[in-house]
Amino acid sequence: MRLEYSTTEKMVGAFILLTLFTLLFTVAMVGRGKNWFRKHVSYYITFKEGYNLSDGSRVKLLGTDVGQVTEVTLTEDNRVRIGVRILANYASRIRTDSLAIVESPTFIGSEYIAVTPGSKASPALAPGGEIPSKEKKSLGEYLEEYELEKMVKRVSEILDDLSRITAQLKDRGGPLMGTLQNVQRLTGTVEQGRGSLGRILRDDELYLKIMAELDAVSKILASVQETAAQSVEIGGNVKELSERLAKASEPAPAMAVQVQEIVSRMVRVTLLLERTMKDVPAISQQAREGMREVNRILDSIQKNFLIRSNLPAQPKPATHGLELRGE
Amino acid sequence: MTGRTGYRAAGRWLAAWIGCLYIVISAGCAVRPERPAPPRLMEARRLATEGSGWYRKGCVKRAEQYFYQALEASRLVDDVEGMVRAHNNLAVVAMAQGYYDEASVHLKRAWELNDRAKSTEEGPLILGNLGSLAYKVGRYQDAEGFWRQALAAAEGGGRQSGLVLHLNNLGMVMRQQGRLPEAETMLRRALSLTGENEEGSTGNTHFQLALLAETRDDPSTAERHLSMALALDRGAENPRGIAQDLEQLGILHQRQQSWDRAAGELDRAIRIYAALGSIEKVEAVFRLLDANREASGMPASLDPYRGLLVPPGEEWESPLCQ
């Protein structure tokens, strides 16, 4: 029996078919954009913590989106196991010596997994395999690393100084060897009765004359001692002043330590600032893009016929006429 | 058979729903509200509106800056009507500052552009401002001619653009020429249009009626109109209008020998004029205060007002405009 359809039924059928076709087309287009129909390969990565990763977080290879996180689970040994799926086209680049690390693009933005491609010499990682991972460094760790570097730098500087001093000491024309040679030359001269000191030691007449001179010097010294006794009082005052000065300068070492601490903190802050400043252009770029996006959304909202009618009307600018009052 | 009937019923039901949906969407599309203007055009209008706000406050210099920006913004989007409006407004602020050559250039340009825009709203206002310019340079006959043309254009255009303003101006020039009945006709007509009041022009209508009453030696009517003008100008936040109303009330009370009231009104008027930087008006009111003091001893001293007589410098900006 042949079925007969009325015009209404045909129209309804056509409408339903059209709707279905539109739906399928939409699904196809969205799926294409979202890579739903492209082949993926699954891998696993294990980290000490989750780093805010969630389903849908991006996986990048050389800064390019190649996949996404499919699952985040906790293992029995209290680690976080991340399931990722990577486009099959790029799966061949994931090798046994590839390295996965969690990174944040800037202070604004979500964490993603950056995978470094392995060397060609290493075998490709089998689907479902575990990509080796490296833990993301915290800010504290960066700082510690910086401190360590600073210390290593200081030690290296000290070693440099030491080697320089040793080289100077070894040098025949250097200060130490030169002084020793001078001393040797002087003692030789005295021993041979040459020079002033040598002659004094070898000549008796000269010796007696010198002794007489020394008596006169003793007398002068006695008067000097008397004068010195008078100076003691003055010296006492000076001593008192010195004590006061010493007392006042007592906290100086502590202050120096504090200043040193402050300076080292400032160095850390500067380092942090430097790192942050590197991110500023990216942040401002993102903010600009965000604002453009908001503007686009607002424009499209304003164009909507249901909303458009409810928008407040823009006041019409006035044209003025000069008001005269007969002055 | 029952199955087919069921399909048919479902089909009809679906068709009815689709029909309803179609009607709703069509109705939504049919009620097309005014499309929002493009952003640049909106910016030009915003600048013009901002300038108007300052002009109404009596801050002509600041208004001028905005009107220039509005002109440039209108040029960018080729908004001819906006350009006409901007030139017209720039002419008004130029006249308010005594730059009549500049005002004539702007009005000429506005007139030329309006030939392209064919705006029935802007045309009468350009004519009205041409009349004001003629009046300002002492060509009263020409001024009256322009205002009559402006009046006819405003009535013909159906937009009544600046109608009260043109009527006030005609009333003023007729009163000054001694044509009091004609002036009164014009002003009464302006008063009857208070429903379409434009930027506080009704305050001026009462002011003109007060002057007319004074000319007719009717102080009580004059005082009544001046009080109304003062109330309207206060409502419109028109500082120059308020100062003019107070000055006129002061003069009226001086004539009535109500020296204390006159002193109070003139005191307020001189301070507002000083705040607006209108040195000629400050000097005029100072002379009135001096006459008041000589006649009645009020105010006791003119010293507080002497400081106001110092002309403001080039960089001076009215405190009302900050």
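A residue counts as buried under 20% relative accessible area, as exposed over 50%, and as partly exposed in between. In this predicted model, Cys20(B) has a relative accessibility of 43% and is therefore classed as partly exposed.

A disulfide is a covalent bond between the sulfur atoms of two cysteines. The torsion about the S-S bond of Cys59(B) and Cys321(B) is about -95°, so this disulfide is left-handed. Cys59(B) is located in the loop between helix 2 (39–56) and helix 3 (60–76) of chain B, whereas Cys321(B) belongs to the segment after helix 15 (303–306) of chain B; the pair therefore ties together parts that are 262 residues apart in sequence.

The segment after helix 15 of chain B also contains Ser318(B). With a relative accessibility of 5%, Ser318(B) counts as buried. When residues up to four places away in sequence are not counted, Ser318(B) touches Ala275(B) and Leu276(B). The C-alpha atoms of Ser318(B) and Leu276(B) are 5.5 Å apart in space, although the two residues are 42 residues apart in sequence.

A further contact in chain B involves two helices. Helix 5 (residues 100–117) and helix 6 (residues 122–136) of chain B pack with their axes 10 Å apart and at an angle of about 155°. Angles over 145 degrees count as roughly antiparallel, and helix 5 of chain B and helix 6 of chain B are therefore roughly antiparallel to each other. The crossing of helix 5 of chain B with helix 6 of chain B is left-handed. On the side of helix 5 of chain B, the contact is made by Tyr100(B), Ala103(B), Ser104(B), Leu107(B), Ala110(B), Trp111(B) and Asn114(B). Helix 6 of chain B contributes Glu122(B), Gly123(B), Ile126(B), Leu127(B), Asn129(B), Leu130(B), Leu133(B) and Lys136(B). By residue class, the contact of helix 5 of chain B with helix 6 of chain B comprises 9 nonpolar, 4 polar and 2 charged residues.

Technical notes. Residues numbered from 1 in each chain as written. Chains lettered and ligands numbered in written order. Predicted model: local features only at pLDDT ≥ 70, side-chain atom pairs only at ≥ 80, totals over all residues. Heavy atoms only, no water. Axes fitted to C-alpha atoms, helices over the stretch in contact; angles between N-to-C directions. Helix = DSSP H or I, 4+ residues; strand = E, 2+ residues; numbered from the N terminus. Parallel < 35°, antiparallel > 145°, perpendicular 65-115°, else oblique. Left-handed = near helix turned anticlockwise from the far one by under 90°. Contact = heavy atoms within 4.5 Å. Nonpolar A, V, L, I, M, F, W, Y, C, P; charged D, E, K, R; others polar. Disulfide = S-S within 2.5 Å. Buried < 20%, exposed > 50% of the residue type's maximum accessible area, 1.4 Å probe, protein only.
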